[in-house]
Amino acid sequence: MPTRTPVEGQLYIGGKWRGQELDKIKVYNPATGELVGEVPKAGAKETAEAIEAAHQAFESWSSLTAHERSAYLEQYYQQIMVHKEELARLITLEMGKPQPEAQGEVVYAADFIKWFAEEGKRIYGRTIPSHLPHKRMQVWKQPVGVVAAITPWNFPAAMLTRKLGPALAAGCTMVIKPSGETPLTAVKLMELAEKSDIPAGVLNLVTGPSSVIAQEIMTNPKVRKVTFTGSTEVGKKLIEQSAGQVKKLSLELGGHAPIIVLDDADLDQAVDGVIASKFRNTGQTCVCANRIYVQAGIYDTFVERLAEKTKQLKVGNGFETGVQIGPLINREAYEKVEKHVQDAVAKGAQVVAGGFGFTREKAYFYQPTVLRDVHHGMLVMKEETFGPVAPVQKVDTEEEAVQLANDTPYGLAAYLFTQNVARGIKVAEKLDYGIVGWNDGVPSAVQAPFGGMKESGMGREGGYEGIEAFLETKYVAIGL
Ligand code: SIN
């Protein structure tokens with residue numbers, strides 16, 4: 001079990017630990033309601049100082065060779081791996097996910113640093129054949145400048161490094177604003193950056209009220225790019241605020257992922273895929289399955305097997321051995337899950353697993369739930385639940401499944417289970433989603449692009465696209 005001594009986090013600005021004199025934000029363990037730490041409540045002034053520090057550091061950091069920046073990032077990767085257990089403990093303490101998942105997240109987070117340390121060496125420009133003998137034409141890639149990253153609570157380490165790795169590898173410097181729910185992991189990551197000798201000002205951390213910090217970020221002309229993971233509602237506000245200075249944006253927003261299970265699917269693979277996609281992180285990922293469409297011929301068997309496996313999942317404090325489902329992040333999240341289940345039941349859904357929540361020591365847990373006989377008139381089939389509820393709807397044809405799957409303003413991830421290759425390709429082509437998992441419930445990987453279509457966002461993280469997001473394209477025409 002973790003230490004009960006609350007962690008004292010600080011701001012990290014220009015290589016200095018700051019903010020002792022400021023009011024504090026308290027951080028609670030969502031599994032127990034206990035106070036686990038506190039961090040300073042930074043305002044516009046501290047945010048402006050962090051931006052200035054990143055601005056000052058930009059020239060020297062961006063002038064290093066890609067190989068030099070890569071060496072810093074490689075040291076950072078090593079530090080994260082050495083402190084894997086400590087980081088995983090912090091993640092479970094402030095976010096609640098079970099320890100094995102938290103450890104998996106730390107490795108996932110570290111891998112973003114390692115991958116982009118290498119990818120930074122492969123930023124290529126190009127030479128364009130000229131139409132005139134006395135002219136040469138080149139395309140150069142250059143870092144965008146100071147980047148502000150606003151990161152979420154559901155993956156306190158990995159969503160931060162998915163932005164930090166490529167930004168630093170590209171030559172950008174950063175100001176990071178972590179979620180108020182989970183700032184302690186971010187503070188630890190800054191300590192490890194300092195231990196890795198990443199120069200002062202390259203990375204800066206401000207904790208505090210989102211609206212105040214975001215206001216400074218969005219109006220300060222020294223910030224050239226904002227990268228955000230969070231709700232579609234906040235993403236839309238950032239789009240509006242970015243207009244004033246035409247800031248570059250990468251937005252990874254909400255999802256409402258469908259899973260289609262066709263009658264030629266491998267049922268064991270499909271049930272395991274649904275469990276992995278739906279219940280990972282207690283249903284609190286942007287790519288979690290939110291609705292499941294199963295073809296009529298296999299519907300009853302599928303629902304029965306899914307319910308059976310779901311009932312075996314152990315709910316509790318993420319530090320307890322064998323726990324697979326942790327708490328929901330807060331009361332509001334719990335109430336949303338409860339509302340979705342109650343609404344579905346009132347409109348005719350049947351609960352075949354779970355269907356209830358419970359509070360324990362000021363914390364909110366919800367039993368993993370499977371609902372059958374659901375339809376699109378229910379909230380759960382329209383809104384992102386962000387909790388452990390799997391509603392399963394019967395469909396007659398693959399066309400109907402695709403039409404229902406695309407019937408949403410979101411377009412982040414979709415899943416498909418079929419053993420028929422031609423059918424799989426056709427369905428995957430028709431799905432309006434940035435990510436498709438075909439016979440795969442967990443498609444995310446550092447080397448692959450992650451991001452959504454429609455109201456799920458703009459831009460991609462991970463893979464080559466992940467570094468492109470932090471680069472400007474400069475065309476240089478040279479007269480000889
Ligand atoms: C997210 O929930 O935004 C990230 C999930 C992932 O990387 O798989």
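## Basis of the model

The structure is a predicted model, in which local features require pLDDT of at least 70 and side-chain atom pairs count only at pLDDT 80 or more, whereas totals for chains, interfaces and linings use all residues. Residues are numbered from 1 along each chain as its sequence is written, and side-chain values use heavy atoms, with hydrogens and water left out.

## Domain arrangement

The protein is divided into domain 1 (11-253 + 456-479) and domain 2 (257-445); these bounds come from an automatic or database domain assignment. Taken over C-alpha atoms, the centres of domain 1 and domain 2 are separated by 31 Å.

Contact between the domains (heavy atoms within 4.5 Å) involves 24 residues of domain 1 and 29 residues of domain 2. Together, domain 1 and domain 2 bury about 2,200 Å², of which 58% is on carbon and sulfur atoms. In domain 1, Ala31, Trp153 and Ser456 lose the most area to domain 2, together 23% of what that side buries. Buried area here is the accessible area (1.4 Å probe) that two parts lose on being put together, summed over both. Zero salt bridges are found by the rule across the interface of domain 1 and domain 2.

## Salt bridges

A salt bridge is defined as a side-chain nitrogen of Lys or Arg within 4 Å of a carboxyl oxygen of Asp or Glu. By this rule the count comes to 27 salt bridges. Arg162, Lys163, Glu252 and Glu461 are linked in a network of such bridges.

Arg122 pairs with Glu119, the closest N and O atoms being 3.3 Å apart. Arg122 counts as partly exposed at 34% relative accessibility, while Glu119 counts as buried at 8%. Glu191 and Lys188 form a salt bridge of 3.1 Å, N to O. Both Glu191 and Lys188 lie in helix H6, three residues apart, about one turn of the helix; helices (H or I, at least four residues) and strands (E, at least two) are DSSP runs, numbered from the N terminus. Glu191 is partly exposed at 32% relative accessibility, and Lys188 is buried at 10%.

The side chains of Arg423 and Asp264 meet at 2.9 Å, N to O, in a salt bridge. Arg423 belongs to helix H13 (residues 421-430) and Asp264 to the loop between strand E13 (257-261) and helix H9 (267-279), so the pair ties together parts that are 159 residues apart in sequence. Arg423 is buried, with a relative accessible area of 14%, whereas Asp264 is partly exposed, with 23%.

Ser196 is located in the loop between helix H6 (183-195) and strand E10 (203-205). Ser196 has a relative accessible area of 1% and is therefore buried. Not counting residues up to four places away in sequence, Ser196 touches Tyr72, Gln75, Tyr76 and Gln79.

Asn317 occupies the loop between helix H10 (296-311) and helix H11 (331-346) and, at 6% relative accessibility, counts as buried. Apart from neighbours within four places in sequence, the contacts of Asn317 are Ala31, Thr32, Val323, Arg360 and Phe365. Thr310 is found in helix H10 and is buried at 1% relative accessibility. The C-alpha atoms of Thr310 and Val370 are separated by 7.5 Å, although these residues are 60 residues apart along the chain. With neighbours within four places in sequence left aside, Thr310 is in contact with Ile275, Phe279, Ala353, Pro368, Thr369 and Val370.

## A nonpolar surface patch

Val421, Ile425 and Trp438 make a nonpolar surface patch of about 260 Å². Patches are made of residues with over 30% relative accessible area and no salt bridge, with like charges joined within 9 Å and nonpolar side chains (Val, Leu, Ile, Met, Phe, Trp, Tyr) joined within 5 Å. Accessible areas come from the Shrake-Rupley method with a 1.4 Å probe; for residues, only the protein chains shown count as cover.

Trp438 is placed in strand E22 (residues 435-438). At 30% relative accessibility, Trp438 counts as partly exposed.

How values were computed
Buried means under 20% relative accessible area, exposed over 50%, partly exposed in between (1.4 Å probe, protein chains only).
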